[in-house]
Amino acid sequence: MRLIFLGPPGAGKGTIAVKVKEAYQIPHISTGDLFREAIANQTPLGKKVKAILDSGELVPDEVTVEMVKERLSRSDVKGGFILDGFPRTTGQADALKAFASVDMVINFVLSEEKIVERLSGRRIAKKSGRVYHVKYNPPAKEGICDESGEPLIQRPDDKPEAIKNRLRVYAKQTAPLIDYYQKEGSLVDIDAAPSPEEVFELVRTALSKLS
């Protein structure tokens, strides 16, 4: 069960990936996690990535591809994997074909209006690290963390205008990738608007067609 998860920020990809990982016992591979792990372990690739990020540059495709290739060579992916955040471009999708086949590409679909509502409602407590939502998971006392009593903040990239900008970037970058996998016949659209439990059931139904 070799899967790719696509979806805009706020679509809940990460939440569903954890559920799929636990249900099917396959690793969830996120490029962000790979970068952090390689930097922490000070591997040759990690040192290269750290130098690139420290200089404020974006990690080039060939370095990202090399890192994913190394991760997919490990023994725990024999039963399958979930790739999250890779590929981001059709160039990366072409590169992936050289060392791994994919059974299904799950595209989490959510309207811009719903994404803005989900992300702009997030509030963070810096000290405790707890995350709240003004509508879906509010604190007992408005604007105050239940655990630490500190004021909650809204991250700059969770403000509506910043979210819309992130969505424009995502659409521009990912739309060609959606077409790419649609033409290959491996893309399945999943409605990401319901609760995580309901979305997970939709994913399970889609995955049942693989067995």
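## Helices H1 and H8

Helix axes here are lines fitted to C-alpha atoms over the stretch in contact, and angles run from 0 to 180 degrees between N-to-C directions. In this predicted model, the axes of helix H1 (residues 13-24) and helix H8 (residues 196-208) come within 10 Å and cross at roughly 55°. H1 and H8 are therefore oblique to each other. Their crossing is right-handed.

On the H1 side, the contact involves Thr 15, Ile 16, Lys 19, Val 20, Ala 23 and Tyr 24. These meet Pro 196, Glu 197, Val 199, Phe 200, Val 203, Arg 204 and Leu 207 of H8. Sorted by class, the contact has nine nonpolar, one polar and three charged residues.

## Helix H4

Helix H4 spans residues 61-71, and its buried residues are Val 63, Thr 64, Val 65, Met 67, Val 68 and Arg 71. Among the elements covering them are strand E2 (28-30), helix H2 (31-40), helix H3 (44-54), strand E3 (81-84) and helix H5 (90-97).

## Nonpolar cores

The largest nonpolar core has 29 residues, of which Leu 6, Leu 72, Leu 83, Leu 96 and Tyr 181 touch the most other members. Two or more residues each come from strand E1 (2-6), H2, H3, H4, E3, H5 and helix H7 (160-184). H7 gives the largest share, five residues.

Leaving aside residues up to four places away in sequence, Leu 96 touches Ile 4, Leu 72, Leu 83, Phe 86, Pro 87, Val 102 and Tyr 181. A second, separate core holds 24 residues, including Phe 5, Ala 17, Met 104 and Ala 192.

Technical notes. Residues numbered from 1 in each chain as written. Predicted model: local features only at pLDDT ≥ 70, side-chain atom pairs only at ≥ 80, totals over all residues. Heavy atoms only, no water. Buried < 20%, exposed > 50% of the residue type's maximum accessible area, 1.4 Å probe, protein only. Helix = DSSP H or I, 4+ residues; strand = E, 2+ residues; numbered from the N terminus. Contact = heavy atoms within 4.5 Å. Core = buried A, V, L, I, M, F, W, Y, C linked by side-chain atoms within 4.5 Å. Parallel < 35°, antiparallel > 145°, perpendicular 65-115°, else oblique. Left-handed = near helix turned anticlockwise from the far one by under 90°. Nonpolar A, V, L, I, M, F, W, Y, C, P; charged D, E, K, R; others polar.
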